[in-house]
2 protein chains.
Amino acid sequence: MAYRPLDETTVIDYIISRPSMKQVFAGFDALSVNEVGDGNLNLVFIVQNDAAPAESVVLKQALPYLRVAGDSWPLTRERMRYETQALLKHNELAPGLAPTVYDWDDEMSIVIMENLAEHEIMRKGLVARNRYPHFADHISTFLVNSLFFTSDLYLTGPEKKLLAAKFVNEQLRKLQEDFVYTNPYMESPENNWNPLVDAEVQAVRSDAELKMAIAEMKLAYMTHAEALIHADLHTGSIMLNERDTRVIDPEFGFFGPMAYDIGAVLQNLVLNFLSHYGHTPDRAERESYQAYLLDMIGDIWRQFARKFDETWAANNRGELVPAKYWDFPNGQEAFAAYRQRFIHNLLQEVAGHGGVKFLRRMMGIVSVWDLTSIEDLKKRAVAERLAIHIGRRWLMERKSVNSIDDLTGIVREETMGVME
Amino acid sequence: MAYRPLDETTVIDYIISRPSMKQVFAGFDALSVNEVGDGNLNLVFIVQNDAAPAESVVLKQALPYLRVAGDSWPLTRERMRYETQALLKHNELAPGLAPTVYDWDDEMSIVIMENLAEHEIMRKGLVARNRYPHFADHISTFLVNSLFFTSDLYLTGPEKKLLAAKFVNEQLRKLQEDFVYTNPYMESPENNWNPLVDAEVQAVRSDAELKMAIAEMKLAYMTHAEALIHADLHTGSIMLNERDTRVIDPEFGFFGPMAYDIGAVLQNLVLNFLSHYGHTPDRAERESYQAYLLDMIGDIWRQFARKFDETWAANNRGELVPAKYWDFPNGQEAFAAYRQRFIHNLLQEVAGHGGVKFLRRMMGIVSVWDLTSIEDLKKRAVAERLAIHIGRRWLMERKSVNSIDDLTGIVREETMGVME
């Protein structure tokens, strides 16, 4: 079918026209539609059978173009193909941790998937101090499965190259390259920041050592084709509840550095930690939740590191180091040491990419709602200054990071005594 | 035209059928053909106008499949498309340093190019102790132009990704992954080595630290998509004479680490240095030529580093660090320091990849003719042992390498007093 944007009427006809929808809806007579997208990027419809409300889907359609920040970054609806491919891959590798895909249509730039009616966006839940007892387990499994099984540690050389060739994604990659690693640190019209931290922002922009370090991380981001990364894995791309976790919106997916995704998760949790200087005035309540978040960060990394190592040891069919390569006296110990060295390097890269992402959220085009929802600019500035200091230290001290405690330790040191 | 392999008769009809050939040949009545390929990999015909012998071309055609080392590594004739694309790119970026391409035909897996009748294969010339006064200048220009202008330092993000997507080359990449970074260091039927260095070979295969270092370089080789590299730039892929240098056979080309190409050139020159313990019994003559080769290595790197830096400073239109990013007090000094840091890292990676390539030539599927042409196995073993020691040190000491003199210094130290 030739591309045309759907509306609240035509979406019903479209749903009825797809054979796959017979598996979801017992009947099509009582379908209702709710358009919930923001209208800039994509159309997002929730379609529900009012005769059996548990039967519902999300239909997402890319608009023919997207203009971010004026006219400078035009995007085609190719991005929906990347999102669909990545969603299918995530469903295959981490079942239950991404929304189930029911159907897709490349011509129409449409994907139809599970409606996560009982889940909340994690960013909102964290601001409300909700607790998620399974999140560390779930997200570490998602990260291990989506990263390990798309890397050279598992795939053969040709499998990896042919899969990577399906994720060229040159337009959305440019957005991240510009908005994470470049524009925030120089004059660019779309940047915005709290005027109360202007001195810190200007200091970042003219700090030669820091700028060189950011450029080094950018080079790694642009060139290290390690695995299929989500590439936008902040807490706004995670929907969850007490039992269940789903990673959504992987349209930025491409073959990049594993550490970028891990760093995004950990760094967003620290930003939420900082936001409670604004959101949670009660000291005991704040400190309790902040301690919970720091524990969660440690827990996510430790579970990730353990599962990654175990998964690698148990599934070493990839090109990088075939089992036979370690077939010599003490070879198994060498393989184990090699895995640990790999994971250790990964943590240092997490510190680097995560560090940059702190900075970009404070002075680039998009902040995080955790902070922008603090109405008192002075309180917000307290959190933002800390974010800049912590980000700088994660980045600049990355090569001496030895354990996750070094990263949470920097958070503890920088926030010690703040608003006691 | 549907694919069919040409022979000495049909190649003439084919040449006559191509309009492009009217630019090369004044007439087609006196064409003669000489098949010069080895018959395994490709057909290679030299077609000459006997009425005007200066008029000649090389026509290269891929056979429908290639089997290297028995049945294990089947390849399709796709490789001719990669070779053609890379040759065209090299002609565009480094004119005069690759054979001119006159015509190509993807259906027939054919490329027609300049016949380099007055050039010799560098490997043979080096064994004969020939000198090439312009080689360091030429090859450093080839490396700078082919690497810099296909990297994120010059191309925009989308340009780079779209160009890289044309060089998936998953089959030939697997060959290099296996034969350079894996199989030589474990039991594999195609490996072969001089029995007199068996102890050294077995020591490499069971050296845990060394194996971990090789696996680290392999990961970099597989994942670091920095620039369009030649990926087989040994001295058998260079044809030259006293005035002129051409880089041939880029069918392995893909987006990989810049250091791999640079390391290949430098490391092959060291192997040739070592081969003269067999080829040049006269001590004064040998030492003079060996000194010449070490000077050449230093010269190539220093010219490369200078030209790379100057080219980057003068052509900073890429995505990695736009000029505006350095627009702050002392920003130009920071940009210069960043370039130097990049080039310094590159040298350390040259040591790593070059080091591995020493080892693979001593115990993998393909040695180098410089060494295999030494008939006396004992003399050959002298050179091979040194190659293993030097390769090991380049690799294991790579992170403390600060200048090219450190790498040539290792050659000097390891060869001091040998056969005086």
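**View 1. A salt bridge between K174(B) and E319(A) crosses from one chain to the other in this predicted model.** The side chains of K174(B) and E319(A) meet with a nitrogen and an oxygen 3.0 Å apart, and the pair is a salt bridge. The count of salt bridges between chain A and chain B is eight. The rule for polar contacts, applied across the interface of chain A and chain B, finds 21 residue pairs, with both residues at pLDDT 80 or more. On the side of chain A that touches chain B, at least two residues each are supplied by α5 (157-164), α6 (170-181), α8 (208-223) and α11 (331-363) of chain A. It is α8(A) that gives the most to this side, with eleven residues. Sorted by kind, the residues of the side of chain A that touches chain B are 25 nonpolar, six polar and 18 charged.

**View 2. E319(B) and K174(A) form a salt bridge between the chains.** In this pair the closest N and O atoms are 3.0 Å apart. Where in the two chains do E319(B) and K174(A) lie? E319(B) belongs to the loop between α10 (283-314) and α11 (331-363) of chain B, while K174(A) belongs to helix α6 of chain A, so the pair joins two chains. Is E319(B) buried or exposed? With a relative accessibility of 9%, E319(B) counts as buried, because the cut-off for that word is under 20%. K174(A), in contrast, has a relative accessibility of 21% and counts as partly exposed.

**View 3. The contact between chain A and chain B, seen as a whole, draws on residues from both chains.** Chain A contributes 49 residues to the contact, and chain B contributes 49 residues as well. Between them the two chains bury about 4,300 Å², and 68% of this area is on carbon and sulfur atoms. Within chain A, the residues that lose the most area to chain B are K161(A), M212(A) and Y325(A), which together account for 16% of what that side buries.

**View 4. A network of salt bridges contains residues of chain A together with R341(B).** Salt bridges that share partners join E209(A), E216(A), R398(A), K399(A) and R341(B) into one network. A search of the whole structure, over all chains, finds 62 salt bridges.

**View 5. R317(A) and E159(A) form a salt bridge within chain A.** The closest N and O atoms of R317(A) and E159(A) are 3.1 Å apart. This pair links distant parts of the chain, with R317(A) in the loop between α10 (283-314) and α11 of chain A and E159(A) in helix α5 of chain A, 158 residues apart. R317(A) has a relative accessibility of 39% and counts as partly exposed, and E159(A), at 34% relative accessibility, also counts as partly exposed.

**View 6. D244(B) and R246(B) form a salt bridge in chain B.** The closest N and O atoms of D244(B) and R246(B) are 2.8 Å apart. Both D244(B) and R246(B) are buried.

**View 7. Aromatic rings in chain A are linked into a cluster by ring pairs.** The residues in this cluster include F148(A), F149(A), Y154(A), W301(A), F304(A), Y325(A) and W326(A). Over all chains, the structure holds 47 aromatic pairs. One of them is formed by Y325(A) and W326(A), whose ring centres are 5.0 Å apart and whose planes make an angle of 90°, an edge-to-face arrangement. Y325(A) and W326(A) are both buried.

**View 8. Y221(B) and F254(B) form an edge-to-face aromatic pair in chain B.** The ring centres of Y221(B) and F254(B) are 5.4 Å apart, with 75° between the planes. Why does this pair tie together parts that are apart in sequence? Y221(B) lies in helix α8 (residues 208-223) of chain B and F254(B) in strand β12 (residues 254-256) of chain B, so the pair brings together parts that are 33 residues apart in sequence. Y221(B) counts as buried at 1% relative accessibility, and F254(B) is likewise buried, with a relative accessible area of 1%.

How values were computed: Residues numbered from 1 in each chain as written. Chains lettered and ligands numbered in written order. Predicted model: local features only at pLDDT ≥ 70, side-chain atom pairs only at ≥ 80, totals over all residues. Heavy atoms only, no water. Contact = heavy atoms within 4.5 Å. Buried area = accessible area lost by both parts, 1.4 Å probe. Salt bridge = Lys/Arg side-chain N within 4 Å of Asp/Glu carboxyl O. Polar contact = N/O pair within 3.5 Å; in protein donor to acceptor, adjacent residues only side chain to side chain. Helix = DSSP H or I, 4+ residues; strand = E, 2+ residues; numbered from the N terminus. Nonpolar A, V, L, I, M, F, W, Y, C, P; charged D, E, K, R; others polar. Phe/Tyr/Trp six-rings, centres within 6.5 Å; stacked < 30°, edge-to-face > 60°. Buried < 20%, exposed > 50% of the residue type's maximum accessible area, 1.4 Å probe, protein only.
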